[in-house]
Each structure stands twice: as structure tokens, then as C-alpha cells.
Amino acid sequence: MRAFFILFGKELRSFFLSPLAYVVMALFTFLNGWLFISMVKAMQLQVSARSLIYNLFSSGWFWMGYFILFPLITMRLFAEERKMGTIEGLLTAPVRTAEVVLAKYAATVVVYLVIVAPVFLFFPLFQAVTGEGAAFHSGAVWGSAMGLILVGLFNVAIGTLASALTTNQLIAAMLTFVFVMLHYFLGFLQNFGMVPGSAWTAGMAYFSTTEHIQSLSEGLIDSRPVIYYLSFSAVLLAFTHLVIESRKWRV
Amino acid sequence: MIEARNLTKRYAGRTAVDSVSFEVGKGEIVGFLGPNGAGKSTTLRMLTCFLSASEGTATVAGYDIYEDSIEVRRRVGYMPENVPLYPDMRIDEYLRFRARIKGLGWRASRFAVSEAMDICSLAGVEKKMISTLSKGYKQRVGLADALVNKPELLILDEPTNGLDPNQIRQSRELIKRLGERHTILISTHILSEVEMTCGRVIIIDRGHIRASDSPQNLIRRLRKPGSVILELKGVVDPAKAKIEAIDGVKEVGVIHERGDWVSFAITTDPLIDVREDLFALVQREKWSIRELASRAASLEDAFVDILQQTPDAAVPAVEAPNLDLEDSAAESDDDAENESNSLTAST
């Protein structure tokens, strides 16, 4: 455990001492802010039965940013260490591979949370500025926060695995991008010529990001997506551990 | 300290290290010598638990490299080839991080880092970014990292690779000093380094151990004929015939003629010293000479000689693999030639 905290601290430092973290944070906050404003404007023009939060988080535009965000913050995790050869020093130090994997993963999740946190400033800010009564209830805020955390845990795990698979950061980024996007679009298979309502499309939709986030952003906390995201993240991390260990057995 | 038994590493279609067994005793400085691609780094990586062996095993400080990998890693200070470091960290920050993940506490790591920086002459530059360091400084940071937790065993993979001659001399001194406190296994292809620092040399080639002895014994074992250089004033022809007539002289060659001076390279029987007879001849003929010297055999000669032998002739102790002998002999000849070229360039 001791080594975990030392490695975790080192990862966080190297994130926040590099310009990448700040560039991503600034652009991401700008993008979300712009989306938020567009959403408010859209709701002024057309009456919506749904809350602002629901509309924001179920918009495809909102998730576009995430396709880029996850590759950017995870691509260097293992690929860079392997490219530079520093992995050799890391894995010949008296630390367990599991500690290395978990430390890198946990640090990246923290980075992710720091980057998305400003989104939740929008809602209180909106109310303070307009002086309107609640356009949404607090359950929706907590629910969607939880949704974002779960999505982060899952997608950072995808990125961690992708980064362990290659020494090339660009390839790691592409892999993450494709899988994050595929996972998201599983919910839209019915829009791509598949028979709506069939068991196949319904099954696929169940895996999709939007499907879960919609119920969460209405304030409905369902244990199924929680278990789904947590268990899949654990499986992905176990795979990452396996990939790193298998380097030793390289034939 | 190290006991390797039949260590083998196979990569796809290629055996990098083939059933290598050796021991390193406590307090020894052992040089691991071999041409590029001989399997040196692979062996060291197996000993440091970075790679797993395909067959065989090893114990380091009494711990098995599989069963007690963490215990082994606690006791080994390893400096990988080319010294990979995090470029975005400062020297002291990096060493603190390394000391901490090697199990030192907050306070202990401060002392350990400043001590390691003193040993490696890094005091005064501790706040520099690693990305701005020269090769020589990077090597020192790598060495400071290897010895920061005072491990019993230091494993250094080509520690002087890419340094200038002055830095090589400095690091040689440093390694000698470190040998007083640590057991050291050092891999290199720079022979002068081994000759001056190591008590024992293990020569490895194509994944086989070809020799393991002190540098002096290896040179003594050398079956190379002796060589004497004689430079005299006069003409080649009568002199050459007269030198050839001396008992024990096998061959006389002319190195160069400059003005009146001729320089001969005289190859002799390895067991006979012809210098006294040569001197008598010079006196008899009343030649003027300005050089009469025997060229001492070096570890380099021993190294080249050992690599030129066929694998099974060199080490009867190791089982000869199913090699086509003619083929491998021809190939190892080539290798030895290439190696000796690059060696003369690097020493």
C-alpha cells in the first residue's frame, strides 16, 4: 500500500506539472460552458418536459468531448514508460505490478474528476444569475455526478489497458478513442438500420453510456449501472495487470 | 550472492541465453563481458526480475527470483542499459522518489539521497531537470539511483556506455570504490574497464558462457604467439634474413620504412623470449637501433582468442548444443573480427 501512495503521488505530480493537464482542462471547461449556454437557449425557444440537467447530459454533443478527453489523459500511462524504458526501473523496484497499475489508474481518475468538476459549478451559477427557482432537483445533480464518476472509472480503465498494450502513445490514444466511442454508440444501433425493439438492439442498448446516464440524471439511482461500471472497470484493470506481467514472459 | 542455474531465455525462434550457470560470491566485482547481442542484458534482466527465464532459475542473496521476487528486488540496485530516467523530474526529486519506492521512509530517504549524490558527485546540481542533463550526468543519476538504498548487490548494465574517456576513467574509480561495500556485477564490452576494475571476468557469447576467470589468468591462458618489435637503421634485406635465422623466430614482417629506419614485427614461438638473442645479433652486426620491445598480450587478445574458438572447444563444462560446428565456427570468426574492430575503436 505504501508504494501505491508514493506512485499515486508521483503520477499526479507529473500530470499537474505538465501543460497538457491545463490545456485539456481549459478547453474542456470552455466546451462544456458553451454547450450549457446553447442548451439554455434551446430551452428558451422550445418548451421541454425534461430538466436542464437531463437535456445537457443526454445530448450527444456533451459526450463528444469525452471521446477526446479519455485518450488524452490515459495515452501516456504505460506507453510512455515503455517507450522511454523507465518501466524497467519501475518493475525492478520492490513494488508489485498491481500497485503500479492501480496507482496510475487512480491518479488518472482523480485528474478526470478535476477536469469535469467545473461542470457542476454551472448549475448553482445558473440559478444565482437568473434568480429563478430550481429548474431541477438536487437528486438530479447527485445522480448525474455519480453517472460522470462511473463513466470516468470505466473509460479510464479502457485507456489504461490500451496504453499498456503498445509503446506508441498515438496508437494507445486511437484504441481508447475507438472503444470509448463504440461503447457510447452501442445505444444508437437502432438508428443504424437495425430492427428497433429486437432483443439484439435492446441488449446492446443496455451496455451504452447514454442509457445509464439518462436514468441517473433524472435522479434515479439504479444499482445495475453501478455494478456494471465497477465490475467492468475491475475486469479491464485485471487485463492491464495481465498485459504488464506478460511482458516478462515475452517470447 | 548470485547463483544462476541453467538460465535460459528463448525469444521467438532464437535462444538469447542458453543454459547459463554461474556464481558470484559476496564482495566480488565481476565483469560480464561479451560482444553486442551475446545475451548480457537478457541475463541481467532475468536476475533483476524484469524478464522471466524460459528455463532454469537463479537465487540472489539467497532468494529465488520467482518465489521471492520482491525480496530479490529489495536487495539489488540495478542500472539498466542506457539509463532510462523521467525527463520531467529534477535530480533530487527523482532520487527521492526512487528511494521511497525502494522502501525508505520519508526521513531516511533524505539522508540516503544526499549520501548517494555525494558518492556520485551530484552535489550542487540536485535541482537540475533531468531532461537538461548531459549523458555523463545521467549515468551518475542512474548510479545514484542504483545505490540509494544501499543494496547488497549492484547490477550495472554497460555503465560507461557513451561516456568520454575522462568520464570513463572517473566511473572506473567510482566502481572500484563501490566494490569495497557492494558486490558488483557489471556488464560491458569495454575491455580496459574490466581489466582494471574486475576481479573476475565471465565471457559470454551467443548465450553461452565461454570463460570465467580472473583477467590475469585469461591472458596467461592465451595461446597467441609472442610478438617483438625491432626498429633499426639499415636496409631490409640482409637484416631480415639474419633475424629469421634466430632460434624461435617464426616470421618477420616489415611494419614501415622511414628514411634509414626500418621497423620489423617479429612473430615468435610463445614459449621462447628471443629478445636476448636479438640484442646479441644487433651487437654483432653493429646496427643502430631505437626500439626493441615485446608487445604484451592484453585481455583484448584473450577475448578475441576465446571468441574465435568453437563453442564446444572453449567450455567442456557446458553441454554443447546441437550446433552445426563448421557453421558456427565460421560465424564466430566473423563476429570476433567485427568485435575486435569496434574494440580498438572504443578503447
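Predicted model: local features only at pLDDT ≥ 70, side-chain atom pairs only at ≥ 80, totals over all residues.

Analyst: B:Ser121 has 13 other C-beta atoms within 10 Å, so B:Ser121 counts as partly exposed. B:Ser121 sits in the loop that links α4 (106–119) and α5 (135–147) of chain B. The phi of B:Ser121 is near 50°, which is a positive value in a residue other than glycine. Most residues other than glycine have a negative phi. That is what makes the angle worth a look.

Chain B has another case. Phi of B:Ala61 is near 55°, again positive and again in a residue other than glycine. B:Ala61 lies in the loop between β4 and β5 of chain B.

β4 (residues 55–60) and β5 of chain B run antiparallel and are joined by two bridges. One pairing puts B:Thr59 with B:Asp64 of β5(B) as its bridge partner. Strands of a sheet pair through backbone hydrogen bonds, either parallel or antiparallel.

These two strands belong to an open sheet of four strands in chain B. The order is β2-β1-β4-β5, and the pairing is antiparallel. The edges are β2 (14–24) and β5 (63–64) of chain B, each of which pairs on one side only. A helix goes with this sheet. Helix α1 (residues 40–47) of chain B lies across β1 (2–11), β2 and β4 of chain B. Helix α1(B) runs at about 120° to β1(B).

A positive phi also turns up in a hairpin. β9(B) and β10(B) form this hairpin, with two residues between them. B:Arg206 is in the turn and has a positive phi of about 50°.

Strand β3 (residues 29–33) of chain B pairs with β9(B) in the parallel sense, over four bridges. In that pairing B:Gly31 stands opposite B:Val201 of β9(B). So how covered is β9 (residues 200–205) of chain B? Five of its six residues are buried, and the strand is mostly covered.

Now step across to chain A. 20 residues of chain A are in contact with 23 residues of chain B. On the chain A side, α1 (2–16) and α6 (86–91) of chain A are the elements that give two or more residues. α1(A) gives the most, with five residues. By class, this side of chain A has 11 nonpolar, six polar and three charged residues.

Last, a helix pair within chain A. Helix α4 (residues 60–74) and helix α7 (residues 97–116) of chain A pack at an angle of about 140°, with their axes 10 Å apart. α4(A) and α7(A) are therefore oblique to each other. Their crossing is right-handed. From α4(A), the contact uses A:Leu69, A:Ile73 and A:Thr74. From α7(A), it uses A:Thr108, A:Val111, A:Tyr112 and A:Ile115. In the contact of α4(A) with α7(A), five residues are nonpolar, two are polar and none is charged.

How values were computed:
Residues numbered from 1 in each chain as written. Chains lettered and ligands numbered in written order. Pairing = 2+ DSSP bridges. Contact = placed C-beta atoms within 7 Å. Axes fitted to C-alpha atoms, helices over the stretch in contact; angles between N-to-C directions. Buried ≥ 20, exposed ≤ 12 C-beta atoms within 10 Å, placed from the backbone. Parallel < 35°, antiparallel > 145°, perpendicular 65-115°, else oblique. Left-handed = near helix turned anticlockwise from the far one by under 90°. Nonpolar A, V, L, I, M, F, W, Y, C, P; charged D, E, K, R; others polar.
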